[in-house]
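Visitor: I would like to learn how to read helix packing and a chain contact in a model. Where do we start?

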Amino acid sequence: MEFIKEFSVLFEHFGFFADHWQSVIMWVVGAVLIYLAIVKEMEPTLLLPMGFGAILMNLPSVGGMEGVSDVLHTLYNAGIANELFPLLLFIGIGAMIDFGPLLSNPKMLLFGAAAQFGIFFTYFVASFFFEIPDAASIGIIGAADGPTAIVVAQQLGSKYAGPITVAAYSYMALVPIIQPPVIRLITTKKERLIRMEYKPAMVSKTTRILFPIVITVIAGLFAPGSVALVGFLMFGNLIRECGVLDNLSQTAQKELANLITLILGISIAFQMNADKFLQLDTLLIMGLGLFAFVFDTVGGVMLAKLINLFSKKKVNPMVGAAGISAFPMSSRVVHKMGLKEDPQNFLLMHSTAANVSGQIASVIAGGLILGLVQKFLGGA
Amino acid sequence: MKKAVTVFLLLAVLVSAFTLNAAAEEAPSADAQQSTAEASIESSEASIESSEAPNESAEVSAESSETSSEGVINFTFSTSRFPTALKHMAVGMLGVLIVLGLIAVVVFILNRVSRPKK
């Protein structure tokens, strides 16, 4: 009898499911994220840790299991709440990016700017439902840039930082699904077949070295809120381009970026507790995030169409869609779409130039939003 | 097509979970009803005691109002924020275009000034 009583201890947490069926839903969400990461290979470095973390965070929190959420909470406070991990990750991203295609064709910077339209339009739409700081933080999902979304949401003190981060990273992974139908909807077959000649102008080493420094100074003057993000991104790029710090550049691109990504993914999962996550607010935020990505794409494509009205050298409007910051997924999507329409149409270098400009533009947009909202809150 | 189906399934799971969760939180369960009944008995007792300790009862009512305000839906439709958001949208979009345009000009000048050695 004593044995059976002891044995029954093994099953005492099974009652957890009756009261916490929402946790089971979160397991399913976690499983789908893991499935998308492994089987569909969609942003596996982030979706897999997030998916596993979602399961981990929704296990019965009794006795020793409480330690799991404590550990994730500690990681969250140590690296996300204070914006340390996103900024460190930006050093790695900066070291990975070759701005060469953009430097040889600086006009592409305009596509990066136009493809931030979704951020501001979503902010405007979200303001009908949420307070200004929350609406601005939701709009920044359209930056298609996880670290920027985290920094803006944290600095504006949004109570929706968790869902915003999850939406930003999830939609980044879903760019190959979101963008093609939108691009097809707003472009004609004839426009998609436009060929663009690629004649890369040689870029000097001096330009490559001065570029990150100049960008940081300009961003600092116009959008001081973006200095931390732009500064760390450009610091990583300077390490890459200076030519005397190859070891540091390699470390930033591989070890640093991998380590931070590994911890970042599972730390974000701290916000994926069923009680916090399964709310109608979250659903609306996810919907607005999708809206932001759609209108980013629309903004970039429309600018290309506008340029085509006045320019002799036609631009394939699909390249404009690559102006979002989801690097390098968006440029690959556009390149593949171009090849599908015409197997001889190579858009990769043009779309890469637009895509890296989107990386800069999204950070500057984040800084501008921070400045505008903080000024409003200060004056309100 | 398969990807679209996967995403659709994910969204379907999420929508149903959110809806069920909202419905579950809105509809008081049997336990909740029982606890409400107990709470009403307690509150009537508290109201008797409140004449003796008015400050205490004020604190309790403040706490209970805080708890009741924690609803499932925290967002509300309002047009009062519309002018601010519209202004921020215009300034922000224009700001991004100006800054990126300026960077493009600077890069153009850099390319002119510093030509690569052949």
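Predicted model: local features only at pLDDT ≥ 70, side-chain atom pairs only at ≥ 80, totals over all residues.

Visitor: Which residues of H11(A) and H12(A) make the contact?

Guide: From H11(A) come Gly146(A), Ala149(A), Ile150(A), Ala153(A) and Gln154(A), and H12(A) supplies Ala161(A), Ile164(A), Thr165(A), Ala168(A), Tyr169(A) and Met172(A). Sorted by class, this contact has eight nonpolar, three polar and no charged residues.

Visitor: How do I read the direction of H11(A) relative to H12(A)?

Guide: Look at the angle between the axes; angles over 145 degrees count as roughly antiparallel. Helix H11 (residues 146-155) and helix H12 (residues 161-173) of chain A pack at about 165°, with axes 9 Å apart. They are therefore roughly antiparallel to each other.

Visitor: What are the angle and the axis distance for helix H4 and helix H17 of chain A?

Guide: H4 (residues 44-57) and H17 (residues 246-268) of chain A pack at an angle of about 40°, and their axes are 7 Å apart. That angle makes H4(A) oblique to H17(A). Their crossing is right-handed. Among the residues in contact are Pro49(A) and Phe52(A) of H4(A), and Leu262(A) and Ile266(A) of H17(A). The contact divides into seven nonpolar, four polar and no charged residues.

Visitor: How many residues does each chain give to the contact between chain A and chain B?

Guide: An interface is often sized by the accessible area lost when the parts come together. Here we count residues: 56 from chain A and 46 from chain B. Elements giving two or more residues on the chain A side include helix H19 (280-310) and helix H22 (348-379). That side has 43 nonpolar, 10 polar and three charged residues.

Terms used
Residues numbered from 1 in each chain as written. Chains lettered and ligands numbered in written order. Contact = placed C-beta atoms within 7 Å. Helix = DSSP H or I, 4+ residues; strand = E, 2+ residues; numbered from the N terminus. Nonpolar A, V, L, I, M, F, W, Y, C, P; charged D, E, K, R; others polar. Axes fitted to C-alpha atoms, helices over the stretch in contact; angles between N-to-C directions. Parallel < 35°, antiparallel > 145°, perpendicular 65-115°, else oblique. Left-handed = near helix turned anticlockwise from the far one by under 90°.
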